[in-house]
Amino acid sequence: MNSYSINGNTIYEGRGLENNGGLYQWYYTERGEKSILEYFATEKNAVQYALKAIKADEHANRNYIGMYKSDTEVEQILTELKKRGIEYWTDKIPYGGMNDWRTRIFVIGCGIKNARDLIKTEL
């Protein structure tokens, strides 16, 4: 939830919903610059819109469980996730430069409840 502000929590970058003088605003903020994306006359319409937008955000429902250098370790974790029927998503990033690639593993949605024991706490 570091990318969403609902009811006034501070975020550096992301989207938010606030009541401004009785008018509800859905906005985007980045580096202190706020851009209003949508206006709503009622709280109900604003909340429905915000919920739909958050649910559609493919990053909002991903739970990071670890970053791995070893392909063998990645395969072990993915095998375990498959065995448990847990949906996941992976990507590879140049962690320490172009010669140091790491695989990140994310569990989708509530699947994290069944994968807590697989969360890697250190590199």
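Let me start with a term: contact means heavy atoms within 4.5 Å. By that rule, residues 24 or more positions apart account for 38% of the contacts in the protein chain with a separation of 6 or more.

Hello everyone, and a quick word on ground rules. This is a predicted model, in which local features need pLDDT of at least 70 and side-chain atom pairs count only at pLDDT 80 or more, while totals for chains, interfaces and linings use all residues. Residues are numbered from 1 along each chain as its sequence is written, and side-chain values use heavy atoms, with hydrogens and water left out.

Now the overall layout. The protein chain has two helices and seven strands; helices (H or I, at least four residues) and strands (E, at least two) are DSSP runs, numbered from the N terminus. Reading from that end, the order is β-β-β-β-α-β-α-β-β.

What radius of gyration does the protein chain have? The value is 18 Å, whereas a compact globule of 123 residues would come out near 14 Å. That radius is taken over C-alpha atoms, and the globule rule is 2.2 Å times the number of residues to the power 0.38. Along the principal axes, the C-alpha atoms fill a box of roughly 55 × 35 × 20 Å.

Of the 123 residues, 29% are buried, where buried means under 20% relative accessible area, exposed over 50%, and partly exposed in between (1.4 Å probe, protein chains only).

Arg62 belongs to strand β5, residues 62–68, and counts as buried because its relative accessible area is 15%. Beyond its neighbours within four places in sequence, Arg62 touches Trp89, Phe106, Val107 and Ile108. Then there is Asp91, in strand β6, residues 88–94. Asp91 has 16% relative accessibility, so this residue is buried too. With neighbours within four places set aside, the contacts of Asp91 are Arg102, Thr103, Arg104 and Phe106. Asp91 and Arg102 are 11 residues apart along the chain, and their C-alpha atoms are separated by 8.3 Å.

Is Arg31 buried or exposed? Arg31 is exposed, since its relative accessible area is 62%. You will find Arg31 in the loop between β3 (23–30) and β4 (33–40), and its phi is positive, about 55°, although Arg31 is not a glycine. Thr10 sits in the loop between β1 (4–6) and β2, and is exposed because its relative accessible area is 76%. From Thr10 to Ile36 is 26 residues in sequence and 16 Å in space, C-alpha to C-alpha.

Last stop, the largest pocket. A pocket here is an open set of points on a 1 Å grid over the protein atoms alone, where a 1.4 Å probe fits, with protein on both sides within 12 Å along at least five of seven lines; lining residues have an atom within 4 Å of a point. The largest pocket holds about 200 Å³ of space. Its lining has 11 residues, with Ser3, Tyr4, Asp57, His59 and Ala60 nearest the centre. Strand β2 (residues 13–20) gives the largest share of that lining, three residues. By class, the lining splits into four nonpolar, four polar and three charged residues.

Terms used
Grid points are joined across faces, edges and corners, and a volume is the space filled by probe spheres set on the points. Ala, Val, Leu, Ile, Met, Phe, Trp, Tyr, Cys and Pro count as nonpolar, Asp, Glu, Lys and Arg as charged, and the others, Gly among them, as polar.
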